[in-house]
Every structure is written in structure tokens, then in C-alpha cells.
Amino acid sequence: MSSVDTTAEVHDEHHDDDHHDHGEFIAHHFDTPEQQYDSGKLGIWVFLVTEVLFFSGLFCAYVLLRYHQPEVFVAASEHLDKVLGGINTIVLLFSSLTMAWAVRAAQLGQNRFASRLILITMVCAAVFLGVKAVEYSHKWDLNIYVASHYNYIEGYHPDAPSEGLAGALGVSQSLINLCVLPAILLVGFLVAGVIYRVRESQAMSALYLAMAVMMGGFFLGAVGGQIYQNAAESAAAHGGDHGHDAAAGEHAEEAAVTGPDTTSKYPPPIGMFFSIYYIMTGLHAFHVIGGMVALSWLYYRCTRNHFRPDYYGPVDFVGLYWHLVDLIWIYLFPLLYLIN
Amino acid sequence: MNEHEHAHDSHGDHGDLPRYNHPVSVKLLLTVFFCLVGLTILTVVVNGFGLGQLDIWAALLIASVKAAIVCLFFMHMFWEKGFNIIAFISSLFFVTLFIGLTLMDTRAYRDSQDKFPLDKRPEPTVVRDANS
């Protein structure tokens, strides 16, 4: 902290006489830090505009599909878990809070505090993806894929995995497959962190260890999501024994809603919903991954004490991007998970 | 200038910051966060009521309120320059045009699409197979 304060004081002394002396981060084609900041701000807003328009294509496709076949959306939404979706919404909202707080910290030149908040944001992003991995793998186990490969049969329950790691842990093979890359990254970041620590490169070491913590967040989300999923499934199995009549009544109602096509060779194209579901949530997940990379970069710059009251643009701009990712999820959650 | 001065005053004593720097108070950030969590719970609860046709509109209204407060306070739009606000809002305008015109178009052809004669349907491309 003390080093930050001294930089700020030094900067204050030069404030009035020479703007070009402002610091190492003002590019030569800008006259003042304010001009540089405003240009960056306009740039990121224009980028956000392109992002909104980019996603609007998918929202438009969603509206068209739902307009023509609302019954498909009603039938499909029973495969989506509102609790997992809700938890993920809260996780993303919390990451938005810590991000906005990190921007405030950077604006006040509190680099150390900003780095802590950015690390929390990174972990939340990874927790989100971990829960998402549980949701995806559960659907894949039930043969719920995009429309061309959708093959879910009413009442189908996959056999419990018996072989290998999946059998040992009692989780699905799809989830294990989704965890391979994060596990490799976790180990890789840890090793890199230790190597840089040995070579006494503190900033790089801190960066890699933070990224390892971030990947730990993925497993936190995956384990938590899987525990919930197992509990929900066993509850459903028990509920099925006791309230069988009620369940049967519900199914009869559903059949009435989806029409007589359920058993014919023209079943309602429920896979269509999952095409748009996988594309929208998948593209959103890619944005989360992109955000994680950008946040890691911010973390590195915070540990190098780069930010101060007249230079915090990068934190602000990545923050705006991160809030947009949150905004898109704010719309995706009710549109995909909350359909009656 | 007056707007900037005012923004500073409303955020406590950060008078020594550059004029483009408006830190949002921690209290406001936490208030916004808890409002967002409350609205998330509200949207799930309202969904449980089973309002029928109104469901989607209620959900979209709540989502839009959430989006608005994220934009205003987390994204600092409340203190943003007018030009940036116009740039962003214009994107929403074009999204509305895009989706609105597409819906109008598809409504016009609804009958020929949704009431396609059943006996003229093509063979299904996905055959359900219980064994796979």
C-alpha cells in the first residue's frame, strides 16, 4: 500500500506543470489521461453494442421458435433445473458486485484490494462454469443433445457408471470428460506458480497461483452442483414412489398440452429447444471464459501496482464487459429456465 | 462541469480525484446487489404463480428492471457521457426493430407454416430408438 501512496504523491506534485509526465501508461498519441480514458470508454461501449447485436440474432431465433411452437418450450423446460439456474444467477450477480467494487478500488488506487476482489470475480466465473458443466453432463447422460441428435425417451434413467474414475466417484462419464481440461489447467497453473516462485518472479507467481485458485473454483462449482443434482434425483425417485398417482396425473396433463403427437412418428421437436439452449448458453459460457482471461490479466496488473486515480481504464473497461455478460444471463435465465 | 461536481459531492470526499473518476460508494454497490438478488427470487416466485400468458411478460419486465439497475450503477451509466449512453441505447433500439419486424413478418406467414397439411409432412429425420 505504501508504495501506491508514494506514487500518487509524486504524481500530484507534477499534476499542474506537465501532462506528459503523467505516467508510464499514457500512450504518446494522447494529450491527457482524461482523453485516453474517454477514448477507451467509447471503444468499449461500441464493442458492447456489437456484442448486444451479436446476441440479438440468437434472441431473435429464440423468439421465432417459441412463437411458432410454444408447446415445445413448455415440454422442454422440465429438463432444466430452476435451482441450479438460480444459483448460477446469484453467483454471476455476486461476481458483478465484486467486479464493480474492484473498479472502485482501482479508481482509488487500492491495487492490493482490487486484486483480491478481481480474484473473487475470477473464482465466481469458474464456479458458474462448474455448475454449467454439471447441467450439461446431466443432459448428455439423458441423450438430450441438439435437435439432430436429441434422443430422450420419457422415463429413461442412465445406468450408474461402474468403471474407472466415473464409477469410483459415482458421477457421470460426461462430467469427468468436461473436467479433464480444467484439471490439466489447475495442475499446470500450480506448477507454473511454483516455478516462478522458485525463480523469484513474484508477480508471475502470484498470477499463476491466482489462476490455479480460479480453476479450483470450477471444481467447487462442479462438486456443489453434482451434490445438489444427486440429492434432487434421489428426492425425485422417492417422490415417484409415494406420489405416483399425482405424477401420473401431471403426465396426463402434459400429454394434453403437447398433443397426441407424443407417441406418433412426429413427436414435438423438443430437440429444437435444446439447439437454441446449447447455442445461447454455450456462447455465453465462451464469453465467461474470455472474461476469465481478461480478469487474470487485470489481476497481474494489480499485483504490479499499475492502477491509480488517473489511470484505471483497463479495470473499468473489463468491468463493463463483465457486467454485459451478466446482463445477457439476466435475460437468459427467465427465457430458458422459467417457462410454464 | 456542474454534473461532475455534483457527482463528486454525492460520493463523499474524493475531491482530489481527476474529474472523470467517480467511484461508486460501497453502500450503493451493496444496495444494488441485494436488489438484484431480491428481484431474482421475485422472478422465480412470480413464475410459480402460473400467470399463463402474462408469465413471459412478467419475467421480461423483472429482467429489464435488473438490467437497468446493473447498467445505471454497476456500469456507471448514471455518470456516463451522453454520447456513450446514446450509442448503447441505440443498440437496444435496433434489437427491438430486428425482433419486432421479424415477428411481424412471421405472423404474416403463420398459417402457411403452422397449419402445414399433416399428410404432406416429410418423413422424420430423427427416429426415436429406445435401445440407443
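Student: What pattern does chain A follow, read along the sequence?
Tutor: In this predicted model, chain A reads α-α-α-α-α-α-α-α-α-α-α. That is 11 helices and zero strands.

Student: How much of chain A counts as buried?
Tutor: Of its 340 residues, 51%.

Student: And the contacts within chain A, what share join residues at least 24 apart?
Tutor: 78%, taken among contacts between residues at least 6 apart in sequence.

Student: Give me a case. Where does Val325(A) lie?
Tutor: Val325(A) sits in helix α11 of chain A, which covers residues 313-337.

Student: Buried or exposed?
Tutor: Val325(A) counts as buried, because its relative accessibility is 2%, and the cut-off for buried is under 20%.

Student: Which residues does Val325(A) touch, leaving out those up to four places away in sequence?
Tutor: His284(A), His287(A) and Val288(A).

Student: Switching to the interface. How many residues of chain A are in contact with chain B?
Tutor: 62 residues of chain A, in contact with 64 of chain B.

Student: What area is buried between chain A and chain B?
Tutor: About 5700 Å². Carbon and sulfur atoms give 67% of that area.

Student: How many salt bridges does the rule find across the interface of chain A and chain B?
Tutor: Three. One of them joins the side chains of Asp38(A) and Lys81(B), at 2.9 Å from N to O.

Student: How many residue pairs are in polar contact there?
Tutor: The rule finds 15 across the interface of chain A and chain B, with both residues at pLDDT 80 or more.

Student: Which elements give two or more residues to the side of chain A that touches chain B?
Tutor: α2 (33-68), α4 (82-107) and α11 of chain A. α2(A) gives the most, with 20 residues.

Student: And by class, what is on that side of chain A?
Tutor: The side that touches chain B has 39 nonpolar, 12 polar and 11 charged residues.

Student: Take one residue from helix α2 of chain A, Ser56(A). What does Ser56(A) touch, not counting residues up to four places away in sequence?
Tutor: Val95(B), Phe98(B) and Ile99(B).

Student: Is Ser56(A) buried or exposed?
Tutor: Ser56(A) is buried, with a relative accessible area of 4%.

Student: On to aromatics. How many aromatic pairs over all chains?
Tutor: The count comes to 33 by this rule. Among them, Phe94(A) and Phe33(B) form an edge-to-face pair, 5.7 Å centre to centre with 65° between the planes.

Student: Why does that pair join two chains?
Tutor: Phe94(A) is in helix α4 of chain A, while Phe33(B) is in helix α2 (residues 26-49) of chain B, so the pair joins two chains.

Student: Which aromatic cluster holds Phe274(A) and Tyr277(A)?
Tutor: One made of Tyr62(A), Phe73(A), Tyr136(A), Trp140(A), Tyr150(A), Phe273(A), Phe274(A), Tyr277(A) and Tyr278(A).

Student: Last topic, backbone. What is phi of Asn305(A)?
Tutor: Positive, about 55°, although Asn305(A) is not a glycine. Asn305(A) lies in the loop between α10 and α11 of chain A. Asn305(A) is partly exposed, with a relative accessible area of 36%.

Student: And where is His76(B)?
Tutor: In the loop between α3 (54-74) and α4 (82-108) of chain B. Phi of His76(B) is near 60°, a positive value in a residue other than glycine.

Student: Is His76(B) buried or exposed?
Tutor: His76(B) is buried, with a relative accessible area of 7%.

Conventions: Residues numbered from 1 in each chain as written. Chains lettered and ligands numbered in written order. Predicted model: local features only at pLDDT ≥ 70, side-chain atom pairs only at ≥ 80, totals over all residues. Heavy atoms only, no water. Helix = DSSP H or I, 4+ residues; strand = E, 2+ residues; numbered from the N terminus. Buried < 20%, exposed > 50% of the residue type's maximum accessible area, 1.4 Å probe, protein only. Contact = heavy atoms within 4.5 Å. Buried area = accessible area lost by both parts, 1.4 Å probe. Salt bridge = Lys/Arg side-chain N within 4 Å of Asp/Glu carboxyl O. Polar contact = N/O pair within 3.5 Å; in protein donor to acceptor, adjacent residues only side chain to side chain. Nonpolar A, V, L, I, M, F, W, Y, C, P; charged D, E, K, R; others polar. Phe/Tyr/Trp six-rings, centres within 6.5 Å; stacked < 30°, edge-to-face > 60°.
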